[in-house]
Amino acid sequence: MEENLLLDAIERYRNGQMDKHEKIFFEELKSNNPEIDEVVAEHAFFLAELERMSEQKQLRHNLNEIENKLINEGVISGSKAKGKAKIVYLWNRYRRTIAVAAAIACLVSLSTATIISKYSENKKVAVITPLVDHKLNQFEYKLNEIEHKLNDAATTTHPSSKPKFEANFRATGFLVDGKGYLITNAHVVQNAKNLVVENKKGDQFYAEQIYSNSVTDLAILKIIDTSFTKVSDLPYTFTKSGAELAEPIFTLGYPREEVVYGEGYLSAKSGYYGDTTSYQISISVNPGNSGGPVIDKNGEVIGIISSKETNADGVVFAIKSKNIYSALKEIKKDKDITIKTPTTNSLKGLDRVKQIKKLEDFVYKVKGN
Amino acid sequence: MKTIEQETFLLKGLAANDTEAIETIYRDNFSAIKSYIIKNNGYTDDALDVFQEAMIVLFEKVKSGSFTLSCQLQTYLYSICRRLWLKKLQKQNRFNPSVETIEEIVPVEDDLEFHEKKNNDFLFMESALAKIGEPCKSLLEAFYLEKKTMPEIAEAFGYTNADNAKTQKYKCLVRLKKIFFAQYKNKD
């Protein structure tokens, strides 16, 4: 018996499509031939798996529809509530907490105000510095130029037609979507007329900012150069949930012309003066590190480096990556551009050296004038 | 609070993928699960994910015929969701929940282990289907999942007659089985 006939027979047998005689014949055949019996068992198992998959797909489909229906009806109030509904929801959820917090805040601010006005004569004012390197000097230009000339000479494929670009600041950015969307800080790009991003290999691309929010200090750039080809497989993901105190973290950035690695830990869950949209981290960073990713040991981006406190040691602030999602939502709403964050993380479980190897291609130098 | 009869009826509905029954289960149970997850560092989206997974566990359990409700449906769902969420937290290396409620729970470890194993097999099938490529994938899905007949398939895919479609289906099936069983046998 040929195999396709056999498989066909098995399927008809399973579905009860055989008549009586055929069924008896088939059952006899099965019991007399252990080989055929094995094929039957195997195929039956396979078909059961396929059916299970189809059933589960249908169920999931149905579950999703019901969820959407209930969300629309307001039975499940949740993330999908927008605008007023969301505010009402948050208010209902937190009003007691807010009341208590407000009362405490009132008391504390009143008492501190009295104490400060009475006793403080020479108070220290903390200053935060954005970490953009404005000190690109003549020497570095020269070095850059020579480097690029060498590069151009070495690889003929390099577009040597790139106009000379004299940058007056340098910071860091990294890809959020392989289509050429990068994240950096708003303060990095706020006064820039021209923007160029450069990857580890030294390829430079013109970019423009499509979003910038000085409150969250996030900016999104889009590479507009035609020589940029889409990259896939961004190795990191962006976490929505919060990170924990003392979690080890690391970053890559461009405080120098060359990419620099730094590691540290999360030291507080809020930023400058209790700003809950950012973290305080302890890591050694320098001007130029602004806009670099802050990544935990599993390869999840938990934040973006933004600034450090000038007259304190090792106090660096990073914007929580949750803010990225809201930025992307705003872009979708205002400009109808859909930016997809990566969904799979290929850094998990690797040792640090390998993680960095995978990562460094996606962290860019951001320059401008 | 529902009677055992009512709950058994709901479960039968779930096994038949009946929208009304599923909706009732959501209405009765989701808010408790959501409040548990939000209290433990989660968001509504997490609650929706976990609840959906729990519904699938329940669905498979009822389908397999080995399930009799030995406690309130709510207690069972709560226990499953709690376990699933703890696992998820552990995977993310987050700390254990700060809030443990005094809600009654029943042991569900075995059920979840069964579910996880089944889920893995499921992944083999999905990846095998993804690997065989088109038109094989659509052809097999049309026949085995959408239960279309051979003449319908022949017309939809542009084969001259049902026999041609059948031969093609057979070739695809053999390839799919080969990939599926290769992965399946390699897993141990």
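I count two residues as in contact if their C-beta atoms, placed from the backbone, lie within 7 Å. This is a predicted model, in which local features need pLDDT of at least 70, side-chain atom pairs count only at pLDDT 80 or more, and totals for chains, interfaces and linings use all residues. Residues are numbered from 1 along each chain as its sequence is written, and chains are lettered from A and ligands numbered from 1 in the order in which they are written.

Chain contact. I find 28 residues from chain B and 22 residues from chain A in it. On the side of chain B that touches chain A, two or more residues each come from α2 (19–39), α3 (44–63), α5 (109–132), α6 (136–145) and α8 (162–186) of chain B. Helices here are DSSP runs (H or I, at least four residues) and strands likewise (E, at least two), numbered from the N terminus. α3(B) gives the most to that side, with seven residues.

Cores. I take a nonpolar core as a set of buried Ala, Val, Leu, Ile, Met, Phe, Trp, Tyr and Cys residues joined through C-beta atoms within 7 Å; buried means 20 or more other C-beta atoms within 10 Å of a residue's own. The largest has 58 residues, and L182(A), V197(A), V294(A) and A318(A) have the most contacts inside it. Another core lies apart from it, with 34 residues, among them L11(B) and F51(B).

Strand residue. I looked up T172(A), in strand β2 (residues 169–177) of chain A. Why is T172(A) classed as buried? Because 33 other C-beta atoms lie within 10 Å. Its contacts beyond four places in sequence include T184(A), G253(A) and V363(A).

Methods
Buried ≥ 20, exposed ≤ 12 C-beta atoms within 10 Å, placed from the backbone.
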